[in-house]
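Trainee: Hey, could we go through this structure together? I've got some questions lined up.

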Amino acid sequence: MYIDDTIAAIATPPGIGGVGIIRVSGKDSFTIVNTLFKSAGTVPLGERPNRTIQYGTIVDPEVNQTIDEVLLLLMHGPHSYTAEDVVEIQCHGGIVPVQQILKLLVRHGVRMADAGEFTKRAFINGRIDLTQAEAIIDIIEAKTEDSLSLAVSQLDGTVSKFVSSLREQLITMIAHLEVTIDYPEEDIEDVTSREVGAQLQPILHSMDELLATANTGRLIRDGIMTVIVGRPNAGKSSLMNALLRENRAIVTDIPGTTRDSIEEFMTIEGISLKLIDTAGIRHTEDTVEALGVERAREYIDKADIVLCVIDGSTPLTSEEQDILTSVSGLNTIVLLNKADVGQVVTNADIEAVGTFTAIERISAKDGEGSAVLSKWVKELVYGGAVQQTNTTMISNVRHISLMEQAKAQIEQALSSIDAGMPVDFIATDLRSAWELLGDITGDSIRETMIDELFSRFCLGK
Ligand SMILES: Nc1nc2c(ncn2[C@@H]2O[C@H](COP(=O)(O)OP(=O)(O)OP(=O)(O)O)[C@@H](O)[C@H]2O)c(=O)[nH]1
Ligand SMILES: [Mg+2]
């Protein structure tokens, strides 16, 4: 892919701020900006020292009208974000100056960049690989300190280094096998297969280790989808408000108050949670309410944690038993609410219906619930074998899925070896694994996938 045009975009968010930045990248950046820039010095921008800041004004040369006072950052490729010649124009941070300057640039031969096109160029020009490009999106979208530091470590190339080292080992083995295909002799094939088999074991082991971090990595990156369900009037919206510490959802003593789901983000233990309050689940003739109930059920399927609120002050109803059955076996915390008015529902009553991660007593009305939730969030994210410190973590669903597929290919190669299959079978499996791993870093990726991926960026990035 050869890129020969010059692109520009407003890199700062729309609105009013201290400065506004327009980024220009491509081989004509310096010459085009030069025709619009006026300063005390007369040396053309392209000949001024690299990586300097130049003060002056942007002037529309056709009518000799000054648009704004600016600072220019000059960066010659390949030492720039895109690895091309880049000029960043800093003007005053209003909506009009940035737009006027961009329009002027377009009139002088610059093309408006697509979303993510600067980062795409950095990738096409080989400055970063795909995992690093994806890490940049994650940095921009990070909602907590933990998700930021995970993304930063991936920008540093932790995942790429891991993947590249696996690919190098695989290609050596493939070469080894292919030599034997060219000189087929029974015992050489046999010896080679066994050698390759022995070398594949540690590879498989390290893939397993990385995949073991996937759940933690994904939860840190994407946040925990926490869904509050229960029958009408159980106290779900009261719990939502208690967790958020604000009166976000309407609470009344009328069953069926919440009719549509309400979503809010919150942070617990440095982890971002997407909290969803749903309509009370019951059989209803009301069309709107019924849609809300259906939506509640759909959320249960997607949830990382289900908070099932039961009114503990009255005996379990058959409706509540049905709800409990539908969330049994999931990562469900049963909350026996209204502890303040005395509880008649026992743990045994709940356990008789199904299996749940925990059963806790709370009083949502009094603002309780946070301590319980934070305990289980910690358990879910950091519990188990995975330690967060210093391990390479895989968090992107695309990477996880490709790594799993590559692992399956290696397992297949191992069983071919065990079954005494010819070496070309084994080589084919290993080659597929090598290609799948290459898709992670973008070494063998298709163009449509690249476009799809970069379209997720914002303009000017
Ligand atoms: N005593 C007591 N009452 C509570 C508690 N939590 C909620 N309530 C009351 O129970 C009633 C229903 O509360 P909501 O939070 O609206 O219940 P909900 O589950 O969201 O109900 P729907 O939206 O109708 O499905 C209100 O009158 C609340 O004040 C609690 O811990 N103790
Ligand atoms: Mg409600």
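This is a predicted model: local features need pLDDT of at least 70, side-chain atom pairs count only at pLDDT 80 or more; totals for chains, interfaces and linings use all residues.

Trainee: Ok, and what does α14 mean?

Mentor: Helices (H or I, at least four residues) and strands (E, at least two) are DSSP runs, numbered from the N terminus. Helix α14 covers residues 397-418.

Trainee: How far apart are the end C-alpha atoms of α14?

Mentor: They are 32 Å apart, which agrees with the 32 Å that its 22 residues should span at 1.5 Å a residue. The expected span is 1.5 Å times one less than the number of residues in the helix.

Trainee: And which residue caps the N-terminal end of α14?

Mentor: Asn396 does, with a side-chain oxygen 2.8 Å from the backbone nitrogen of Arg398.

Trainee: New topic: which residues coordinate the magnesium ion?

Mentor: Ser237 (OG) and Thr258 (OG1) coordinate the magnesium ion (ligand 2), at 2.0 to 2.1 Å. Ser237 lies in helix α9 (residues 236-244) and Thr258 in the loop between α9 and β9 (262-268), so the pair ties together parts that are 21 residues apart in sequence. Donors here are N, O and S atoms within 2.8 Å of the metal (3.2 Å for Na, K and Ca), and water is not among the atoms, so sites may look incomplete.

Trainee: Is Ser237 buried or exposed?

Mentor: Ser237 is buried, and Thr258 is too. Buried means under 20% relative accessible area, exposed over 50%, and partly exposed in between (1.4 Å probe, protein chains only).

Trainee: What about Thr441, where does that one lie?

Mentor: Thr441 is in helix α15 (residues 423-441), and at 2% relative accessibility it counts as buried. Its side chain makes a polar contact with the side chain of Asp443 (3.0 Å). A polar contact is a pair of N or O atoms within 3.5 Å; within protein, one must be able to donate a hydrogen and the other to accept it, and residues adjacent in sequence count only if both atoms are side-chain atoms.

Trainee: At what angle do α4 and α15 pack?

Mentor: Helix α4 (residues 130-141) and α15 pack at about 40 degrees, with their axes 5 Å apart. They are therefore oblique to each other. Angles under 35 degrees count as roughly parallel, over 145 as roughly antiparallel, 65 to 115 as roughly perpendicular and the rest as oblique. The axes are lines fitted to C-alpha atoms, for helices over the stretch in contact, with angles from 0 to 180 degrees between N-to-C directions.

Trainee: Which residues meet there?

Mentor: Leu130, Thr131 and Glu134 in α4 meet Asp439, Ile440 and Thr441 in α15. Contact means heavy atoms within 4.5 Å.

Trainee: Back to phi: what is the value for Arg51?

Mentor: Phi of Arg51 is near 55 degrees, a positive value in a residue other than glycine. Arg51 sits in the loop between β3 (37-38) and β4 (53-60), and at 56% relative accessibility it counts as exposed.

Trainee: Last one: which residues does a cis peptide bond join?

Mentor: Gly77 and Pro78, with omega about 5 degrees. Pro78 is found in the loop between β5 (65-75) and β6 (86-92).

Methods:
Residues are numbered from 1 along each chain as its sequence is written. Chains are lettered from A and ligands numbered from 1 in the order in which they are written. Side-chain values use heavy atoms; hydrogens and water are left out.
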